Structures are given as C-alpha cells and as structure tokens.
Amino acid sequence: MKELSELVRPNILRLKPYSCARTEYAGKDATVFLDANENPYNAPLNRYPDPLQEELKQRIAQIKGVPTSRIFLGNGSDEAIDLMYRCFAEPHCDNVVAICPTYGMYEVCADINDVEYRAVELDEGFALNAEKLLSVCDAHTKIIWLCSPNNPTGNHLDRAEMVKILDRFDGIVVIDEAYSDFSRRRPFRQDLSDYPNLVVLNTLSKAWGCAAIRLGMAFASEHIVEIMNKVKYPYNVNLLTQQKALEVLSDPYAVDNWVKMIILERGKMMESFRLLPICEEVYPTNANFFLARMTDANAVYRYLIDKGIIVRNRNNISLCRNCLRVTIGTKGENVQLLAALRQY
C-alpha cells in the first residue's frame, strides 16, 4: 500500500476540521453546558449528540469484534461511501474501479464527486476475476469497490480473488459486507490488521431490521478512521438514531432469530420460483434476497405492481437481462407473491 499521505487528497491532508463544542472538553466531567448556543429546555433533545458516538461504538465493538478506534459511524453506509471519494479521490484527476453489476451508489457518488468510475463486468456466474479488475487500474486509481455478498446478484465473491486484490493494489480497497449477517463466511472486518488498505462497510439496515434509523458502519485502520472523522459533518449521527441503535444492539439474539427465519424462507422461495413456468433461472445467494431470470421481467414486474406487490426490476442492469431481485419478506408476504405469480 502507498503511504496514506499519498492517497489522501492534498486539501484534506491540510484540512483543519471543525471543532465541535462537545469535543473541546472531552474526558472531563461537566454539568452546566453554556457553550453551544443550545436551548436549555426540552432535554435531552435540546443538546447536540456525541459527535463521535463513543457509547454506541463501544457496544458495536463488543458485537463486531473491532476496536472502537477502528470504527466509523455514519448516516447510513452511503455516507461512508461518499466520504471515500471526498477523502481520497481528486475530482477530474483520479479514478475508481468497481465490479459490475453491483450496488449503484458507488457510481452515483463517483458522478457527484466528479471522479471517473471504471466498471468491470463479472465473469460467468457473477464470478470475480482479480486479474481483469487490476488490469484497468492505473497510477490514478485510488479505490476499488467490492461488494460481497454482492448486490444485486446475491453471491459471495471468491475470497482468494479478493485477497489477490488486497495484496496487489496499492490504493484503498472497500469491501461492502452489508449482507454478511446472512452468510457463514468469515467477514473481512476480522482481517483489518493484515490489510492497512482495507475498509469494510456494514449496516444496521439489513439483518438488524433498522433501515429507518440510518446507521452505517465502516471498519478500517485508525488512520483511515481519523481522516473520515476529519471530513464528516460534526453531528452526523443524531441522538435518536444513537439511542435506538443501542436499544436494538442490546438484543442480538432476536436478530439471530430473524436471520434464521429469513434464510429458511429464502430456501422455500427459491425452490418455489424454480417451479414457476415464467422463471428460467434462480441464482445462488448468500443474502436476504435472490436474483431470478424471468421470461419477461418487465411484464412480470408491471403485473406485480398492479397486484400491489413490489420487487426490484434489474432488467436494465449489466448481466441481469430479464432479472427480478426478490427480497425475502414475512411468510405471509412471500405467500402473496407466489400466489400472484402462479396466476400470471
């Protein structure tokens, strides 16, 4: 890996971050707060939240097995994705490389930040080819984006191919593990010490059932986390989100049960789809969704909308011709979907 000073945008390296009122007295006890121009009434909502979410990070550290110094928390994983560009990719100069198809926000954030986005198609069976990916990198490639289990394909990327990229690429490698809770594979966040160029994304939106509170996680070296904290907005995770996250994280066994039920339903749904005359192929998955190739995805999609049932039409995505992405719902929701498709 290059020295971090070579990867960070020069203006970010020079940046003097905004000094939060709450950080200036960190580590000291205080009971009277007259520093931040807050309304003294309507506690606790009248006070700015902890800008570094220390209590929440301590709880996440216990569950995820990552030290608090290596945890960044953001307004959804999308904030961490955007910060990667703002911290490391110089507009009009640098580029990033990603697999294709994959999560669309990597490219959207590249466009917003005016950074060239190079998409490399996966091989047959949505397989990752490290050589192919590395061949399009050059001296201005700052970030490689990998998503595993991948969205919208649902499959794991081959770990050996991912390690090749980590070993040979001298920039930042971001591995998005938003769906890793539905998989038994060892998460890459456990390997942070081996790869100083690794950033691993995770979220409370999927297995933890908290998409509404918008809490994303990034696990990385202390130095990368320091840079992200330097650039983020001062109070990026609000108090209500922090409180709700602590509440949910206090009962990981409930989440384990949700995951087990979703995986069980996933197997039933995939088998039922294989029996549908309008379904040509169901692809393997390690996520809480699966990709199915239909005879006419657009027609089936419109039909389901008329029935009040929404799935994701991926027909226009590379390598996903005539594919629908189906999220696993409750047993009742899954039955409604199958009943509608059997009447198509």
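This is a predicted model: local features need pLDDT of at least 70, side-chain atom pairs count only at pLDDT 80 or more; totals for chains, interfaces and linings use all residues.
Which residues are buried in H10?

**View 1. Helix H10 and its buried residues.** The buried residues of H10 are Val255, Val259, Ile262, Glu265, Arg266, Met269, Met270, Ser272 and Phe273. The helix covers residues 252–274, and its end C-alpha atoms are 33 Å apart. An α-helix has 3.6 residues a turn, so residues three or four places apart point the same way.

**View 2. The cover over H10.** Strands S8 (279–282), S9 (289–294) and S11 (323–327) are among the elements that cover the buried residues of H10, as is helix H12 (331–342). H10 lies across S8, S9 and S11, and runs at about 5° to S9.

**View 3. The open sheet of four strands.** The strand order is S8-S9-S11-S10, and the pairing is antiparallel. S8 and S10 (312–313) are the edge strands, each pairing on one side only. Five bridges join S9 and S11. Leucine 291 stands opposite arginine 325, a residue of S11.

**View 4. Helix H11 on the sheet.** H11 (residues 297–306) packs on the sheet and touches S9, S10 and S11. Its direction makes about 40° with that of S11.

**View 5. Alanine 297 in helix H11.** Alanine 297 belongs to H11 and counts as buried because its relative accessibility is 0%, where the cut-off is under 20%. Leaving aside residues up to four places away in sequence, alanine 297 touches Asn313, Asn315, Asn322, Cys323 and Leu324. Arginine 185 is 112 residues from alanine 297 in sequence, and their C-alpha atoms are 31 Å apart.

Technical notes. Residues are numbered from 1 along each chain as its sequence is written. Side-chain values use heavy atoms; hydrogens and water are left out. Helices (H or I, at least four residues) and strands (E, at least two) are DSSP runs, numbered from the N terminus. The expected span of a helix is 1.5 Å times one less than its number of residues. Buried means under 20% relative accessible area, exposed over 50%, partly exposed in between (1.4 Å probe, protein chains only). Contact means heavy atoms within 4.5 Å. Two strands pair if DSSP finds at least two bridges between them. Axes are lines fitted to C-alpha atoms, for helices over the stretch in contact, and angles run from 0 to 180 degrees between N-to-C directions.
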